[in-house]
Amino acid sequence: TAAGILSKVIGPNPAAPDYLAGLSANKIRVILQALLEYAMALLLAGTPVWLYPVLKKHNEALALGYVAARLIEVVIFTVSVIGLFTLLTLSQKFVAAGAPDASYFHTMGSLLQAMREWGGGVCSTIVFSLSALMLNYVLFRSRLIPRLISVWGLVGAVLYFASGFLPLFGIGTGSTIFGIMEAPLGVQEMGFALWLIIKGFNPSAIESGSAKS
C-alpha cells in the first residue's frame with residue numbers, strides 16, 4: 001500500500017495533456033514510479049504465500065486460488081510497468097524529434113495509456129477483488145478473525161469488482177466514484193493487517209483447522 005501510494009505521489013501524471021514532453025523531462029521520477037509499482041506487485045504476491053499455510057487447513061482449493069489470483073495480478077502489473085517504461089521511451093523520442101505534431105506519436109501514446117488503463121487499472125481491479133472474495137470467504141467460514149472483518153471484506157470485494165467495469169461506461173479509474181467503490185476494501189485490508197499485528201489469528205480456529213487437515 002505504501003509503495004502504491006508513493007508511486008502516485010512521486011511519479012508524474014502519464015495521462016497529463018503534455019505527457020509526451022513531460023515524461024522525458026521527469027525521467028528519474030518515472031523510473032522511481034515504475035520501480036515502486038513493481039515493488040507493490042511483488043509484495044502483493046507475498047501476502048497469499050504467507051497466509052497459505054494457515055488458509056489451506058480450512059480450504060486448500062481456495063487457498064491455492066488466492067495465491068494464483070495474486071500471481072496473475074503480478075503479471076498484469078508487470079505488463080503495466082513495461083507500458084510505463086515504453087511511454088518514457090516514446091516521450092524521449094518525441095522530444096528528440098523536436099516535439100513534432102506527428103499523429104503516430106500521439107496514437108502510440110494513446111495505445112500505451114489504454115494498455116495501462118485496461119491492464120493495470122481494470123484487469124488488476126477485477127483479479128484483486130476475486131482474490132479478496134476467496135480470502136474473506138475462507139476467513140468467514142474458519143472464524144480465524146472476527147466475522148465482522150471478513151463480512152466487511154466480502155462486501156468491499158463485491159464493490160471493488162463492480163468498479164472494474166466502470167470504464168466500460170466511460171468512467172475512468174481516476175474518477176471519484178471509482179475511488180469511493182474501492183475505498184471500503186482498501187480500508188478493510190488495513191484493518192485486517194492491524195488485527196493480525198495486534199491480536200493475530202483465533203487460536204481455537206487454528207487448532208480446528210489443524211485437526212481437520
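Modeller: A residue counts as buried when its relative accessible area is under 20%, as exposed when that area is over 50%, and as partly exposed in between. This is a predicted model, and in it phenylalanine 94 has a relative accessibility of 7%, so phenylalanine 94 counts as buried. Phenylalanine 105 is likewise buried, with a relative accessible area of 7%.

Biologist: How many aromatic pairs does the structure hold, and how should I read the geometry of one?

Modeller: The structure holds three aromatic pairs. Planes over 60 degrees apart count as edge-to-face; the rings of phenylalanine 94 and phenylalanine 105 have planes at 70° and centres 5.4 Å apart, so this pair is edge-to-face. Because phenylalanine 94 belongs to helix α4 (residues 60-96) and phenylalanine 105 to helix α5 (residues 103-142), the pair ties together parts that are eleven residues apart in sequence.

Biologist: What is the arrangement of phenylalanine 161 and phenylalanine 165?

Modeller: Phenylalanine 161 and phenylalanine 165 form an edge-to-face pair, with 5.2 Å from centre to centre and 65° between the planes. Phenylalanine 161 counts as partly exposed at 28% relative accessibility, and phenylalanine 165 counts as partly exposed at 33%.

Biologist: Which ring does the charged end of arginine 147 sit over?

Modeller: The charged end of arginine 147 sits over the ring of phenylalanine 140, at 4.0 Å from the ring centre.

Biologist: What is the wider setting of these residues?

Modeller: The protein chain has eight helices and zero strands, and 41% of its 213 residues count as buried.

How values were computed
Residues are numbered from 1 along each chain as its sequence is written. This is a predicted model: local features need pLDDT of at least 70, side-chain atom pairs count only at pLDDT 80 or more; totals for chains, interfaces and linings use all residues. Side-chain values use heavy atoms; hydrogens and water are left out. Rings of Phe, Tyr and Trp (its six-membered ring) pair if their centres lie within 6.5 Å; planes under 30 degrees apart count as stacked, over 60 as edge-to-face and the rest as tilted. Helices (H or I, at least four residues) and strands (E, at least two) are DSSP runs, numbered from the N terminus. Buried means under 20% relative accessible area, exposed over 50%, partly exposed in between (1.4 Å probe, protein chains only). A charge sits over a ring if NZ of Lys or CZ of Arg is within 6 Å of the ring centre and within 35 degrees of the ring normal.
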